[in-house]
Amino acid sequence: MENYVRPFSLFSQQDIYLFKEGSHFNLYELLGSHIVNYEGKDGVYFAVWAPNAKHVSVIGDFNYWDKFSHPLNPRGDSSGIWEGFIPYLKQGDIYKYFIISNQNNYSVEKSDPYAFHCETPKKTGSKVWDITYSWNDSDWMKNRYKNNALNAPMSIYEVHLGSWKRKFDQNNRMLTYRELAEELTKYCKDMNFTHVEFMPVMEHPFYGSWGYQITGYFAPTSRYGTPQDLMYLIDRLHQAGIGVIMDWVPSHFPMDQHGLSFFDGTYLYEHSDKRLGFHPDWKSAIFNYGRNEVKNFLISSALFWLNKYHIDGIRVDAVASMLYLDYSRKQGEWLPNKYGGKENIDAIEFLKRLNYVVYENHNDVQMIAEESTAWPMVSKPTYIGGLGFGFKWNMGWMNDTLRYFKTDPLFRKYNHNNLTFSLLYSFSENFVLPFSHDEVTQGKGSLIGKMPGDEWQKFANLRLLIGYMYGHPGKKLLFMGSEFGQVREWNHDESLEWYVLKYWQHSGMQNWVRDINKFYKTQKPLFEDDNSWNGFEWIDCKDSDNSVLSFLRKSPSTGEIIVCVYNFNPVPKYNYKIGVPKKGIWKEVLNSDSNVYFGSNMGNLGEVKTFDYSTHSKPYTIEIVLPPLASVFFKFEFTETINEKK
């Protein structure tokens, strides 16, 4: 191996100008390691941002980790970029940067912030890697704007790749990306989910962080395979007609020595003041959103996953922690902004810029905020003062709904407003209704474990909960295992309890989710207008004594109507009157109490006919059997005529 680095650069002067300005969002094409041919020799070009370093060199197996044999060259333009070409290096070579700081000669070995591939933790080296891949999802990519639109059905299956399914006969090992490409794709297709959401797959040193403590913002974790293996998984999902959303964490990063923290002997990516730069909940560092190079880094990361991995949406984690300077802090532990307020102005402007740039480059994807406060206009466009996200998780709906369902049915009538309150704000944002991983871990138990009553009632309640979510305005998200009523709280070190599907109550629960997904995808009233009163109308929101809710879901384009009725009480109701807007036959299209779902099989024999008297301010009435703890959906079929009666 030659013991010198040749001067070479991929950066143009325009690149440097945009980099300094904070407007260069394809930095992954320039910074990091790139296999190139220079002066007739194959090798690798390296570039790293370390403005406060006085020495930067590339170390690895190729030079026996010699800290001084292959120094990079600083650019003479005050950009802080160190770069150079090392011949003969190749795909898979492991490397790090050795940095000596201008500050007190502090020295450290760092992984490459822009690396495309990394060693498998607990090892922390970066790998030279070409991420070329031949995609086969052109049909999906050409039409995905239809599948990701606000007026499209979205039922999202949230997955932690390392614990969805494991090989028990092989020492409980995790599935690879390519094994998941076969098994997860087949399962999502069978269960009729429209999208799958991966908890963060970016490289993270601590597996127990579930991927939310990221060190590799451009590298998928090598625990499950190579970058091309992940691309294959996404490719297969797309070919099956399933969109892919990826969790992404621009709110904080771990303080592992090999990562971004104190990168060149200074607080480069984070703030130096702990009142701004340290997160007390997660013991992690907070990005300095006011620094142009940091904005470049994060927005480049978001675009990287969209450009190179064909991701269909990004769910941005912990947005609330970014918006508020006093988030999870006591008095005196935070610094106010320049106006004396608690809003993080730099983070707000960063989020607006992030969303604007993403939608400018990809108008067929979705940006989704996990934001748990009442911050206004999270999912409204930036040009009217919004943050610019496409969707926001409806955490208020989730908390109120679970609080209601945990209540013994005997007392639910006193808590009826927990169900109805959400419609006071349901159309203020574009919402996703989430029952996510956060609700089934850290001592919270499983979803089925939250339900009151005996075993039959627990499963009836869970089916009712799912039925209520699918009728309520908003897109749907369900964490893995909840679709079949996993009893044990989710554990990232173990597989889901797939063996329970041999029991009727669990297989019945899975049948219900499969069927309601299938129905939901084909019924415009349930998804076409989730974001205004045009798609929703109360029938009766006041029957707290019976713990019954009823409403209409409507399709503005077709005029189709679905009646959704929910009995949150274990006592069945006979001849229960529901007002409807059309005269004729209303077909019972879904009933969570069917015996195929482990229900008691009460129902309406497939259809009901209207009576010519008014109920609930509607011109006609249907009298229905309302099963215990059940969701029942009716759809108008036709107006009965004299000839049809004959």
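This report walks through aromatic pairs and ring–charge contacts in a predicted model.

## Ground rules

The model is predicted, with local features needing pLDDT of at least 70, side-chain atom pairs counting only at pLDDT 80 or more, and totals for chains, interfaces and linings using all residues. Residues are numbered from 1 along each chain as its sequence is written, and side-chain values use heavy atoms, with hydrogens and water left out.

## Aromatic pairs

Searching the whole structure turns up 66 aromatic pairs. Rings of Phe, Tyr and Trp (its six-membered ring) pair if their centres lie within 6.5 Å; planes under 30 degrees apart are stacked, over 60 edge-to-face, and the rest tilted. Tyr106 and Phe262 are edge-to-face, because their planes stand at 75° with the ring centres 5.1 Å apart. This pair joins distant parts of the chain, 156 residues apart: Tyr106 is in the loop between strand E6 (94–101) and strand E7 (107–110), and Phe262 in the loop between strand E16 (243–248) and helix H5 (274–277). Helices (H or I, at least four residues) and strands (E, at least two) are DSSP runs, numbered from the N terminus.

Tyr520 and Phe527 also make an edge-to-face pair, at 6.0 Å centre to centre and 75° between the planes.

## Buried or partly exposed

Buried means under 20% relative accessible area, exposed over 50%, and partly exposed in between (1.4 Å probe, protein chains only). Tyr106 is partly exposed at 26%, and so is Phe262 at 24%. Tyr520 is buried at 0%, and Phe527 is buried at 6%.

## Charges over rings

A charge sits over a ring if NZ of Lys or CZ of Arg is within 6 Å of the ring centre and within 35 degrees of the ring normal. Lys274 lies over the face of Phe278, 5.3 Å from the ring centre. Arg412 places its charged end over the ring of Phe405, 5.2 Å from the centre.
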